[in-house]
Amino acid sequence: MILKEMFVPKETIEEKIDLMIKNLTTIKDDSGEFLLDFDGLKVDDKSWSIWNWPQGVGLYGIYKNYQITKNPKALKVVNDWVEARMIEGAPPKNVNTMAPLLVMALLYEDTKDSKYIPYLEQWAQWAMYEMPRTNENGLQHETYGPSNTNQLWDDTLMMTVLPLAKIGKLLNRPEYIEEAKYQFMIHIKYLMDKKTGLWYHGWTFEGNHNYAEALWARGNCWITIAIPEIIEILDLRPDDAFYHYLVTTLKAQVKTLKEYQDESGLWHTLITDKTSYLESSATAGFAYGILKAVHKHYLSADYEEVANRAVEGLLEQINEEGEVQQVSIGTGMGDSFDFYRNIGITAMPYGQSLTVLAFTEFLISYC
């Protein structure tokens, strides 16, 4: 049963979106409980006022809401964050700190404000020419912590490759576009599980293995989002070979996602392991990616019900303050299933924004 048949008013979805956006801007780590410690280097993954990947994903979700709905509250949140960070100055460049560049690219596309160009040029050049590489020239998932030498992670496609592709289109850099295509192909080669169509969290060329072989939900959701997005960014035609490669990859993943969706509408943090907890941020990412792929005709309309069930489940996870519950914290590479089962849960910027993103795409269903 889809939500419209359950008479969920459009206004209810819109009210939840506003609540979640308001809550997003209040998220912070006052106690230091969720600071990541890399041999004395403290990294805040939780607070909204930080330039890192959770905030980059957060900005993306909120700005996409503005683009589709023209919600002025969403635009103000994004502009306020970007202006404040530009005044503070950019952090060291890595896979994760590049995530906000996708929204800067969208802002430049919509406003043509030249103040964004130096950021777009410098960060894209870094990713293209200076970012550490793995064997076979993959983008190494190097962050604030360990170098992750010779490692490919799901996250890289969302955090670095999408911004690189978007900047390549905007600034007419065809070499960036070809690089983005290659990174999708090498990540598919080493991270997609050929049996299920789901994706492993990571791969290392140091030993040639997929670590715990964890089919981790949020890692998978980056793929469900990134494939429809890269098709749109590059404006790929249905007769394009890369388009076909991406769509068949997405279909294989979503076919198995449908099989493992919990009756609540959510997915477990280890998708095929029902002993692991249900997790909201991944569910929101799946809902958005599936809905967008259906709306763009990359996926059959039959999958819309899967996404609608996810939206229904997510409605139950939003409390009165607009905080999305059951969101796992930033997750490094694990060497066992227990590592993923024991990851902590708290409010996070991406939990808010991915749910906003899913709900925003769902609003199209009312048209």
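This is a short chat about a few places in a predicted model.

Q: Where does E361 sit?
A: E361 is part of helix α13, which covers residues 349–363.

Q: Is E361 buried or exposed, and what is the nearest side chain of opposite charge?
A: In this predicted model, E361 is buried and yet has no salt bridge, since the nearest side chain of opposite charge is that of K292, which is 5.8 Å away.

Q: And which residues does E361 touch, leaving out those up to four places away in sequence?
A: With those left out, E361 touches I68, Y288, L291 and H295, and K292 is also on that list.

Q: Switching topic, how do helices α6 and α7 cross?
A: The axes of α6, residues 155–170, and α7, residues 174–191, come within 7 Å of each other and cross at roughly 155 degrees. Because an angle over 145 degrees counts as roughly antiparallel, α6 is roughly antiparallel to α7.

Q: Left-handed or right-handed?
A: The crossing in which α6 passes α7 is left-handed.

Q: Which residues make that contact?
A: On the α6 side they are T156, L157, V161, L162, L164, A165, G168 and K169, while α7 contributes Y176, I177, E179, A180, Q183, F184 and H187.

Q: What about K194, buried or exposed?
A: K194 lies in the loop between α7 and β4 (202–204), and K194 counts as exposed because its relative accessibility is 58%.

Q: What is K194 in contact with, beyond neighbours within four places in sequence?
A: Apart from those neighbours, K194 is in contact with I188 and K189.

Q: How far is K194 from T204, going by C-alpha atoms?
A: Their C-alpha atoms are separated by 17 Å, and the two residues are ten residues apart along the chain.

Notes
Residues are numbered from 1 along each chain as its sequence is written. This is a predicted model: local features need pLDDT of at least 70, side-chain atom pairs count only at pLDDT 80 or more; totals for chains, interfaces and linings use all residues. Side-chain values use heavy atoms; hydrogens and water are left out. Helices (H or I, at least four residues) and strands (E, at least two) are DSSP runs, numbered from the N terminus. Buried means under 20% relative accessible area, exposed over 50%, partly exposed in between (1.4 Å probe, protein chains only). Lys and Arg count as positive and Asp and Glu as negative; His and the chain ends are not counted. A salt bridge is a side-chain nitrogen of Lys or Arg within 4 Å of a carboxyl oxygen of Asp or Glu. Contact means heavy atoms within 4.5 Å. Axes are lines fitted to C-alpha atoms, for helices over the stretch in contact, and angles run from 0 to 180 degrees between N-to-C directions. Angles under 35 degrees count as roughly parallel, over 145 as roughly antiparallel, 65 to 115 as roughly perpendicular and the rest as oblique. A crossing is left-handed if the near helix is turned anticlockwise from the far one by less than a right angle, and right-handed if clockwise.
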